[in-house]
Each structure stands twice: as C-alpha cells, then as structure tokens.
Amino acid sequence: MPAPGTPLEKLGFLTIGLFDPADPRAGHESTLEVVALGEELGFDSAYLRHRHLQFGISSPVAVLAAATQRTSRIELGTAVIPLGWENPLRLAEDLATVDILSGGRLNPGVSVGPPMRWDDVKQSLYPDTADVEDFSYERVERLLRFVRGEQAGPARGRQGIEEWSDRVEPHSPGLQHRLWYGGGSTRSARWAGEHGMNFLTSSVVSAENDSVDFAPIQAAQIRAFRAASPAGEAARVSQGLVVIPTDSATDEQRARYAAYVESRMSRVGTPQGPGRLLFAPDLLGTSEQIADALYAHAGFREVREVVFALPFSFEHEDYVQILTDIATRLGPALGWRPAAG
C-alpha cells in the first residue's frame, strides 16, 4: 500500500465539464481538450462526472465517444453514471459501442438510487412507471448481465430478411472487467466486491458507527470491498479526493483556489443530510505538501491508484495548470511515472 517509497501505480483525474448554456459547445470542447492534455501528460485515466438538468455534461458516454477519436492510450471513464436515469439495456449498447471505438479503454462507473430531485423529475423521466421503477442494486445486475453477453431477447438468427442476436450488440468481451461501482458505504463496498466489480471511492462517504472521521471510514470500506471480492487484494479500487497543487499557479490563482477551498470547509467533519454524508477536505498546497497529506491519509494508504477530482467551477487555464502540476510534480512525489506515449 502507498507509503513514502512505495510508488503509486495509476494516476487519473475527474472533471465535471461545465459549460455556458448560451454556448454549450465551448465547454464540451474544453473538456475534450483537457482529456487530450491528460494523455499528453501521461495520465493513466480521465473520468467524466455526470450531471442532469444542470450546466455540466449530461451525456458523458457521448463525450467519451468523441474523446476516443482524439486519444489513443488513456483510459476513459465515468464517475459515475446514475442508473436511475438509464435503461440498462440501452446503456449497455452505448458502453459497448464506445469501448469498441476506444480499442478497449472504457471504464464505466455507475451507481444506483433514485435520481436526484426525484419528485421534480419523475413525471418527465418515468411518466407511466415512476411508482414501480426499481432503483436498487438489481438495476446494476441487469447492466452487468447485458455487458457480459447474457441473453437480452429470445430471437436469434435470421427472421425474414433481418439477422437477430439474443445479446446486446456490439459485444465487447473485456468491458465486463472494467466496470466500476461508485459507492460511499460499507454495504455498497461489499456489494461491489461480491459482484466482481471494481470500486470507486471518492471525497464523500457515509458516516458509520457514529464516527465522523473521514479517512478511517474510507479505509475500512476499501478493506471491506477487497474482503468481499473474489480478486482479494488484487481487486481494483480507486480513491478520488480533490487536490489542488499550486506549484506553478499565479498569485491570482492561489487566492481564488484558497477562497474556493475555504467556501467548502463548513461541510467537513459534520454529517450532511439524511444520508449522513461526510466530505473530505480539499487538499490545497504545493505538491510536496499534498503528498505528505496523502501519505498521512488512511484511505489513500489502502489504494494503488487514484482519480483526483478537479474543482468544478474553475477556468480552462486553471485545469491546465493543475493537471500539469499533478503530472509533473505531485505524481512523481508519489512515486508515479507517466505512461509512455
């Protein structure tokens, strides 16, 4: 597990892809440029966050399809697709298509539960079935079955002039091993492990056993995931804290970054909402300072790969500076080496 002298194996990043509603193309183009920059800098993965009815990317799978044509090596993921908004069969088709286009680089992350603002959107999303929709883990299980190539329909072979398959097409055999579950509770961690998925843990966990200490809770969830996974200690799990290195930042950027972090500190250490969610503090400072903080973090010490989250509301040039510092300073401070071109 990472400790000073133990190299981090995989380094990725996550972005939300904000855009101006009056000019949405510019924001989407900026996101694609950030992904391409990540590949140039040697990052192992780039993930997109999912936002519905907001001014962030609502269709990351479509954006990643475009990214497959601008990159050749970097893994492309989602963190995460809320399955309450999706039909698992249709999503399986889209994921397999993008995985084929990428040459087997797609790493889809998903989660379950009712859509955010359910009472506001249910009549638009499921006007006839809102009261009977199943938002449990069963929705993930359906997706898993379709991605694995299990039967999706009874027809197979030629019927008239049409050729039919009884599974989702295209089928991408390796995709099933690159599916991730995004969770923040011990229950979800165990479920992901038991079902052979990889596990994405982020800067949000559920307060458990009356503890409000984020790092030990996250570490315990990671251990529970590996204990439940058939792969054991080899099971893939990634941590996604917000890190903001300032090594090459301007004075103006440092001031804005500090104000951003300060504005989010009030939620740290206090369970939020009915789900009793705990938020990790954002890590701001030089790469050396952030590396020290990570090595002291119980959750980080349990992982061998990370997907650091970019702050949501920054400008394109800020993301360029942060990603460059992560790749050229923070990553090496953690013993990571950039991927070869």
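1. Is R276 buried, partly exposed or exposed? R276 counts as partly exposed, because its relative accessibility is 38%. Buried here means under 20% relative accessible area, exposed means over 50%, and partly exposed lies in between (1.4 Å probe, protein chains only). R276 has a positive phi of about 50°, although it is not a glycine. R276 sits in the loop between α8 (251-264) and β12 (277-279).

2. Basis of the note. This is a predicted model: local features need pLDDT of at least 70, side-chain atom pairs count only at pLDDT 80 or more, and totals for chains, interfaces and linings use all residues. Residues are numbered from 1 along each chain as its sequence is written, and side-chain values use heavy atoms, with hydrogens and water left out.

3. Overall make-up. The protein chain has 10 helices and 14 strands. Helices (H or I, at least four residues) and strands (E, at least two) are DSSP runs, numbered from the N terminus. The C-alpha atoms fill a box of roughly 70 × 45 × 40 Å along the principal axes. The radius of gyration of the protein chain is 20 Å, which agrees with the value near 20 Å for a compact globule of 341 residues. That radius is taken over C-alpha atoms, and the globule rule is 2.2 Å times the number of residues to the power 0.38.

4. Burial and surface. Of the 341 residues in the protein chain, 53% are buried. The accessible surface comes to about 15,400 Å², and carbon and sulfur atoms hold 51% of that. Areas come from the Shrake-Rupley method with a 1.4 Å probe; for residues, only the protein chains shown count as cover.

5. Contact range. Take contacts between residues at least 6 apart in sequence: 72% of them join residues at least 24 apart. Contact means heavy atoms within 4.5 Å.

6. Charge. The protein chain carries 32 positive and 44 negative side chains. The centres of the two sets lie 4 Å apart. Lys and Arg count as positive and Asp and Glu as negative; His and the chain ends are not counted. Each charge is placed at NZ of Lys, CZ of Arg, CG of Asp or CD of Glu.

7. In soluble globular proteins, nonpolar side chains tend to be buried together. The largest nonpolar core here has 87 residues, and F43, M197, F308 and L334 touch the most other members. Helix α10 (residues 316-333) gives the most to this core, with six residues. A second, separate core of six residues includes W118, V121, A130 and F135. A nonpolar core is a set of buried Ala, Val, Leu, Ile, Met, Phe, Trp, Tyr and Cys residues joined through side-chain atoms within 4.5 Å.

8. Helix α6. Helix α6 covers residues 186-194, and its buried residues are T186, S188, A189, W191, A192 and G193. The cover over these residues includes α5 (138-148), β7 (180-182), β8 (198-202) and α7 (214-228). G196 follows α6 and has a positive phi, near 70°.

9. S185 is in the loop between β7 and α6. At 18% relative accessibility, S185 counts as buried. Beyond neighbours within four places in sequence, S185 is in contact with S206, E208 and Q221.

10. F146 in α5. F146 lies in helix α5 and counts as buried, at 11% relative accessibility. Setting aside neighbours within four places in sequence, F146 is in contact with P88, L89, A92, Q151, A152 and V168. F146 and A36 are 30 Å apart, C-alpha to C-alpha.

11. Backbone points to check by eye. A cis peptide bond joins A79 and V80, with omega about -5°; V80 is in strand β3 (residues 75-82). Another cis peptide bond joins E169 and P170, with omega about 0°. P170 is in the loop between β6 (162-164) and β7. L53, a residue other than glycine, has a positive phi near 55°. L53 is in the loop between β2 (45-48) and α2 (60-68) and counts as exposed, at 72% relative accessibility.
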